[in-house]
Amino acid sequence: MKAQLPVTILTGFLGSGKTTLLKRILQEEHGLRIGVILNEFGEISIDGELVNMPEAGLMQLSNGCLCCTVRDDFEQAARELLKRTEELDYLLVETSGVADPRQVTELFVQRAFHEDLRLDGVVTLVDGSEYWHNFQHSQTAAHQISSADILLLNKVDLITDAERDQILLDVRRYNPDAPCLLTTHAQVPLARILDVHAFQPELWDPHLEAEENSHHLHPQGSAPLTQTDEHHHSHHLEEDGIQSVSFQLEQPLDLAEFRDWLQDLPDTIFRAKGVLSVIDEPQRVIFHQVGHRQTLFLEREWDPDELRLSKIVLIGKELQRERLAASLNQVCEATAAR
Ligand SMILES: Nc1nc2c(ncn2[C@@H]2O[C@H](COP(=O)(O)OP(=O)(O)OP(=O)(O)O)[C@@H](O)[C@H]2O)c(=O)[nH]1
């Protein structure tokens, strides 16, 4: 009989460190041939560009959420990869930061390919620096924690010990049992998260889980969790009201102008990321913004035959595409006037 391919789901709210963990796993010397299904909420894939792995093992599902809007695409991608199970030892699924992992788990437990795939565990990254903020924005943040078989409280370098302890206490209200490891840049021994047989299908019951959650107290400043039901998966994006807008620009940008633009984005945008073509700079510039924290770094030189295109993805609430496009246009005009 053919052995089942183990699968680990990497989930966690927007910007919590999922791609950081994925890259670490792919770079480590473990000898495993790993296939990846990568789901991004924005219509342009940024993570796919950053992961830097052979196309053959990577399936990208952009512009939607794995647990609802691109659910069918996910099944198709999993089936495609299954045709090549002989070539793979492990499958990693990185969900979008707004996915409800219960719906993804269901795909493995109840769908036809559960004979071929074995869900090893759901690993949820929790962003220590944006913990309370994320709860304010999304009920899904709580579901991501309650669904975890293993929790990584990430970005502990950005919080005090007292803040960490408060978060740990709160996390336990949503998930009393899963081991919770403290990490910086998702540095965790892989033996703690891969092939650990953490998921227990016989204990899995999405309805029970929803009921338990409805009794939980809600954290500081957040809206109380509503009772979930069988239909919640198709509405969770609407409930949270999270949207994305993306831009692609051919004109190289002035980095200082762009940084100012990024810094001045409205508070309702809580995740921004992308690849930039910068004036007088032969290398690609990668930028991340989570909350108000910005990171920019040089990645690699543009290939001679590569189109030098800036790709910018913004995720948040009440996004005003026209206004954002107009302000970005001003960055382009300021660059041209230099
Ligand atoms: N200071 C600090 N930064 C971190 C840590 N982990 C990740 N980051 C940074 O946080 C930003 C977002 O990390 P990603 O790994 O892209 O997060 P993600 O969960 O994949 O993001 P989405 O796919 O957009 O939901 C990047 O700038 C990372 O370098 C950490 O432990 N400490």
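Predicted model: local features only at pLDDT ≥ 70, side-chain atom pairs only at ≥ 80, totals over all residues.

Colleague: How many residues of S2 are buried?

Modeller: Six of the six, so S2 is largely enclosed by the rest of the structure. Both faces are covered: one side has Ile34, Val36 and Leu38, the other has Gly35, Ile37 and Asn39, and all are buried.

Colleague: What about H1, which of its residues are buried?

Modeller: In H1 (residues 18-27) those are Lys18, Thr19, Leu21, Leu22, Arg24 and Ile25. They pack against several elements, including S1 (5-12), S2 (34-39), S4 (90-94) and helix H2. S5 (117-127) and S6 (150-154) are also among the strands they pack against.

Colleague: What area is buried between domain 1 and domain 2?

Modeller: About 1900 Å², with carbon and sulfur atoms giving 62% of that. On the domain 1 side, Ile44, Ile46 and Glu49 supply 28% of the area that domain 1 buries against domain 2, more than any other three residues.

Colleague: How many salt bridges are there between the two domains?

Modeller: Two salt bridges. The count of residue pairs in polar contact between domain 1 and domain 2 is also given as two, both at pLDDT 80 or more.

Colleague: Which residue does Lys273 form a salt bridge with?

Modeller: Asp47, and the closest N and O atoms of the pair are 3.2 Å apart. Lys273 also has a bridge partner in S10, namely His288.

Colleague: OK, S10 then. Which way does S9 pair with it, parallel or antiparallel?

Modeller: Antiparallel: S9 (residues 269-276) and S10 share six bridges. The two form a hairpin with six residues between them, and Asp280 in the turn has a positive phi of about 60°.

Colleague: And how many bridges join S10 to S11?

Modeller: Seven, with S10 and S11 (residues 293-301) running antiparallel. Ile286 stands opposite Phe297 in S11. That pair of strands makes a hairpin as well, with two residues between them, and Gly291 in the turn has a positive phi of about 60°.

Colleague: Why would you call S10 largely enclosed?

Modeller: Because seven of the eight residues of S10 (residues 283-290) are buried.

Colleague: Last one, Thr105. Is it buried or exposed?

Modeller: Thr105 is buried, with a relative accessible area of 2%, and the cut-off for buried is under 20%. It lies in H4 (residues 101-110). The Thr105 side chain reaches the backbone oxygen of Pro101 at 2.7 Å.

Colleague: Which residues is Thr105 in contact with, leaving aside its neighbours within four places in sequence?

Modeller: Thr105 is in contact with Ile9, Leu119, Val122, Phe199 and Trp204.

How values were computed:
Residues numbered from 1 in each chain as written. Heavy atoms only, no water. Buried < 20%, exposed > 50% of the residue type's maximum accessible area, 1.4 Å probe, protein only. Helix = DSSP H or I, 4+ residues; strand = E, 2+ residues; numbered from the N terminus. Pairing = 2+ DSSP bridges. Buried area = accessible area lost by both parts, 1.4 Å probe. Salt bridge = Lys/Arg side-chain N within 4 Å of Asp/Glu carboxyl O. Polar contact = N/O pair within 3.5 Å; in protein donor to acceptor, adjacent residues only side chain to side chain. Contact = heavy atoms within 4.5 Å.
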